[in-house]
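Visitor: I have a chain open on my screen and want to go through it piece by piece. Can you take questions as we go?

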Amino acid sequence: MFMLGSSRGQYRVELGVVAACVVLQVLVAAAQKGASVTLRARWNGTSYLSEAAEFLADENPSLYWKYVDLVLDGEEQEDSQQCWSSIVSTASSLLTGDISKVLPLVLGSRQYSARLEMYRQLRAQFFPNE
């Protein structure tokens with residue numbers, strides 16, 4: 001520390017240095033931590049398979065049916081990790097460029113869940129016996 005003429009001035013400098021160190025630590029800690037968000041919906045979860053199909057339909061409606069054909073021709077997966085990998089790789093194979101890199105994020109955020117639930121409710125309303 002450098003000396004100032006009064007003890008009050010020295011106290012202010014020391015306090016400023018301490019405050020700067022605390023702010024720096026908070027910024028470093030914030031940069032190292034990720035964000036975690038949990039949302040609760042009023043309906044049961046929808047399948048990743050259906051959400052991937054909706055994502056593809058938004059990108060290009062013809063991709064929806066190509067995806068359905070590929071899924072029907074594919075093998076049944078034994079566990080959830082294999083199922084996730086199969087869904088992402090099958091859908092990604094139909095996409096080009098950076099769009100395929102966004103797919104896992106979109107599926108993880110459950111972006112299409114509300115839309116799929118709306119479709120389910122409309123089907124139940126208009127076709128109650130099915």
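Guide: What follows is a walk through this predicted model, one topic at a time.

Visitor: How many helices and strands does the protein have?

Guide: It has six helices and zero strands. Read from the N terminus, the elements go α-α-α-α-α-α.

Visitor: And what share of the residues is buried?

Guide: Of the 130 residues of the protein, 19% count as buried.

Visitor: OK, the core. Which residues have the most contacts inside the largest nonpolar one?

Guide: That core has 15 residues, and those with the most contacts inside it are A52, F55, L56, Y67, A91, L103 and L107. At least two residues of this core come from each of α2, α3, α4 and α5. The helix that gives the most is α2, with four residues.

Visitor: Pick L107. What does it touch?

Guide: Leaving out residues up to four places away in sequence, L107 touches Y48, E51, A52, W84, I87 and V88.

Visitor: Let's do α4. Which residues in it are buried?

Guide: I87, V88, T90, A91 and S92 are buried in α4. The elements covering those buried residues include α2 (48-59), α3 (61-73) and α5 (99-109).

Visitor: What span should α4 have, and does that agree or disagree with the distance between its ends?

Guide: It agrees: α4 has 14 residues (residues 80-93), so at 1.5 Å a residue it should span 20 Å, and its end C-alpha atoms are 20 Å apart.

Visitor: How does α2 sit against α4?

Guide: Their axes come within 10 Å and cross at roughly 10°. That angle is under 35 degrees, so α2 is roughly parallel to α4. The crossing of α2 past α4 is right-handed.

Visitor: Which residues meet there?

Guide: From α2 they are Y48, L49, A52 and L56, and from α4 they are W84, I87 and A91.

Visitor: And α3 against α4, at what angle?

Guide: About 135°, with the axes of α3 and α4 10 Å apart. Helices α3 and α4 are therefore oblique to each other. This crossing, of α3 past α4, is right-handed. In α3, Y67, L70 and V71 meet I87, T90, A91 and S93 in α4.

Visitor: That leaves α2 with α3. How do their axes cross?

Guide: At roughly 145°, and the axes of α2 and α3 come within 5 Å. The crossing of α2 and α3 is right-handed. On the α2 side the contact is made by L49, A52, A53, E54, L56, A57 and E59, and on the α3 side by P61, L63, Y64, Y67 and V71.

Visitor: Switching to loops. Is L95 buried or exposed?

Guide: L95 has a relative accessible area of 11%, so it is buried. Its place is in the loop between α4 and α5.

Visitor: What is it in contact with?

Guide: Setting aside neighbours within four places in sequence, L95 is in contact with F55, L56, E59, L63 and S100. L95 and N60 are 35 residues apart in sequence, and their C-alpha atoms are 9.5 Å apart in space.

Visitor: Where is E75, and is it buried or exposed?

Guide: E75 lies in the loop between α3 and α4. With a relative accessible area of 70%, E75 is exposed. From E75 to S86 is eleven residues in sequence and 9.1 Å in space, C-alpha to C-alpha.

Visitor: There's another glutamate, E117. Buried or exposed?

Guide: Buried, because its relative accessibility is 7%. E117 lies in helix α6 (residues 113-126). Not counting residues up to four places away in sequence, E117 touches W43 and T46.

Visitor: Last one, R110. What is its phi?

Guide: The phi of R110 is near 60°, a positive value in a residue other than glycine. Most residues other than glycine have a negative phi. R110 is in the loop between α5 and α6, and it counts as partly exposed because its relative accessibility is 26%.

Note on methods:
Residues numbered from 1 in each chain as written. Predicted model: local features only at pLDDT ≥ 70, side-chain atom pairs only at ≥ 80, totals over all residues. Heavy atoms only, no water. Expected span 1.5 Å × (residues − 1). Buried < 20%, exposed > 50% of the residue type's maximum accessible area, 1.4 Å probe, protein only. Contact = heavy atoms within 4.5 Å. Core = buried A, V, L, I, M, F, W, Y, C linked by side-chain atoms within 4.5 Å. Axes fitted to C-alpha atoms, helices over the stretch in contact; angles between N-to-C directions. Parallel < 35°, antiparallel > 145°, perpendicular 65-115°, else oblique. Left-handed = near helix turned anticlockwise from the far one by under 90°.
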